[in-house]
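Below is a short note for a colleague who has the coordinates open and wishes to go through selected details one at a time. The points may be read in any order.

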Amino acid sequence: MSHKNSHAETYAQKASFAHVLCTTSSAAGVIGTGLAAIFDSDHTSVVFSSNVSDDITYTADAGTFTFSRAGVYHIILVANTQQESSSNNHSFEMKLNSESALYVGQKRVNTGYDPVESTHQTIVSITAADVLHLRMKTAGNTATIIQGTSVIITEITSGHYASQLVTANGTTTDVAEYNPFDTNLSGNPSSYTTVTAGMTVTGTDGSFTANSAGRYLIMVSNYFVMAVQGGGPALITMKLKKGGTTFATRAVMAIIGDDVAENTFCLIEDLGAGDVLTITWTTNDTDAGQGVRANIGTNFSAYRLHEEVHTNGDTSGFFGYPYISVQSLADSISTVATVSPFDEDSYSSDDFETRSVSDITFTPADGKFTVSEPGLYAVVFNPIFSLSSGGTAVITINVNGVTQVTGTGKVADGPDPLDKTTTAFLELNKNDYVEVFTDMEAGKPAVVMAGTSIAIYRYFGFFKTEDTVADGLISDDFTINTFSQGNLSAQYERSVDQVPFKLGAGLNLRGVGNSFVGVKLGDKKN
């Protein structure tokens, strides 16, 4: 933005973000056994779209992100990948410059039901001129990058955040409710990386405490395997808790030979000062010594969304306002038709729970989320599927009925239920509405399971100025301000009677130009 001293420019200087989305899959087998940049536009046939703030440089032909200023950032990588022959593990890495990797995660890809989705996320402190590399490889043969693969990088400006990352595989556990971040548990991972400020991470009980009341984004990615190889499939029930009370539950399947498996929570929750968050896993396999163990990539991230208080007392700023977080507490009807998981018509007995909301309207009658303010919005959709037989799932995120993001993956009838996280970073106008859909392969009925959730929040209100009243079309010194930034932005909120205008100058109602219309923009009337 070029207008000096405008409110919009002040906001722009505070907003730092990057979003890259794979809109067309790469050619088969572009990733080998050596680490390669995921978002490299040189991959054969691949097409990426991007939306990046001025202080981050996305170098498409290298797949890197360079930061011009320091900050603390949340990185969300959603990978849709396919193994071209012989099932194998896909490994993912985040690193800065030529340093050691700050994140490593793995996901098993079975050629019988790929492509698969895996979510990799963490919080990292970045200094000016740092270069972020997002890379992957396969343990054998070759892999393909599939449509829907994306990354969202957003700056955390509230000063209240915590992230704990598992950096070594666990060995074995057999407890009723297993906390993968409890360092006192025998067999838990031997090492973690912790980044925190304004929140307290307590390793001895695997807890995360908010030191300040506010609205928090909570994202937990769980990478797990069965603790005893050779055992049968097991349903793993994962519970996200506040003060020891469960407020989000997801049940997913783990199968020997098909793990490492993954499941991600993402909700926005209002927390009070002193509220304690934990995550636990429980298996229904009661065999002695059986259970689950945490693998590298398991991460708990939470941070307070920034709320700007303006000089006029308005709190409708950016970095997290407006927002909504909704989850389903019921299973949908089994169908081969397209399902809107937040439309009550998709259920025989719908049960939605809104965990937190402000200025986004959710209407269960049609499954729409309507925003009250323009801006740049982050969307994290976490559907969970179960099928009677395996098939391809197509997940879409739409705005005003038009598809913005498409993700494709396979849902097998063996390792299910399982989740398919899909993200979007959307430029929305006032009264735009967001919808999400799941569509299964013909003849493959599916159920969207309880625990399916969506979180939407405005990261940056770039269309709205600090003051909702226009600066004034004519200033005290008679300068015409029709096209000043202060007036253009405020006009979104302005509703007054005006005579016809063209190029900022009044017209005679008969269509004959007035005698003073020769004034240039920025000149004075007299």
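Is Arg69 buried, partly exposed or exposed? With a relative accessible area of 25%, Arg69 is partly exposed, in what should be kept in mind throughout as a predicted model.

1. Arg69 and its partner. Arg69 is joined by a salt bridge to Glu155, and the closest N and O atoms of the two are 3.0 Å apart. The bridge links distant parts of the chain, since Arg69 sits in the loop between strand S5 (64–67) and strand S6 (71–83) while Glu155 belongs to strand S12 (residues 150–156), 86 residues apart.

2. Glu177 with two lysines. Glu177 meets the side chain of Lys239 in a salt bridge, with an N to O distance of 3.7 Å, and this pair again links distant parts of the chain, with Glu177 in the loop between strand S13 (161–166) and strand S14 (192–197) and Lys239 in strand S18 (residues 234–242), 62 residues apart. As to accessibility, Glu177 is partly exposed at 34% and Lys239 is partly exposed at 24%, whereas Lys241 is buried, with a relative accessible area of 13%.

3. For the model as a whole, the count of salt bridges comes to nine.

4. Surroundings of Val20. Val20 lies in strand S1 (residues 17–24), and at 0% relative accessibility this valine counts as buried. Leaving aside residues up to four places away in sequence, Val20 touches Phe39, Phe48, Ser49, Ser50, Tyr58, Phe65, Thr149, Ser150 and Val151. The C-alpha atoms of Val20 and Ile152 are separated by 7.0 Å, although the two residues are 132 residues apart along the chain.

5. Positive phi in two loops. Most residues other than glycine have a negative phi, and two exceptions may be worth a look. Ser45, in the loop between strand S2 (36–37) and strand S3 (47–52), has a phi near 75° and is partly exposed, at 49% relative accessibility. Ala129, in the loop between strand S9 (116–126) and strand S10 (131–138), has a phi near 80°; with a relative accessible area of 54%, Ala129 counts as exposed because the value is over 50%.

6. Confidence. The mean pLDDT of the protein chain is 84, with 79% of its residues reaching 70 or more. Over residues 310–318, however, the pLDDT is below 50, and this stretch has 27 contacts in the model beyond near neighbours in sequence. Residues 488–526 also have a pLDDT below 50, and for that stretch the corresponding number is 47 contacts. Where pLDDT is low, the predicted coordinates should not be read in detail.

Terms used:
Residues numbered from 1 in each chain as written. Heavy atoms only, no water. Salt bridge = Lys/Arg side-chain N within 4 Å of Asp/Glu carboxyl O. Helix = DSSP H or I, 4+ residues; strand = E, 2+ residues; numbered from the N terminus. Buried < 20%, exposed > 50% of the residue type's maximum accessible area, 1.4 Å probe, protein only. pLDDT = per-residue confidence, 0-100. Contact = heavy atoms within 4.5 Å.
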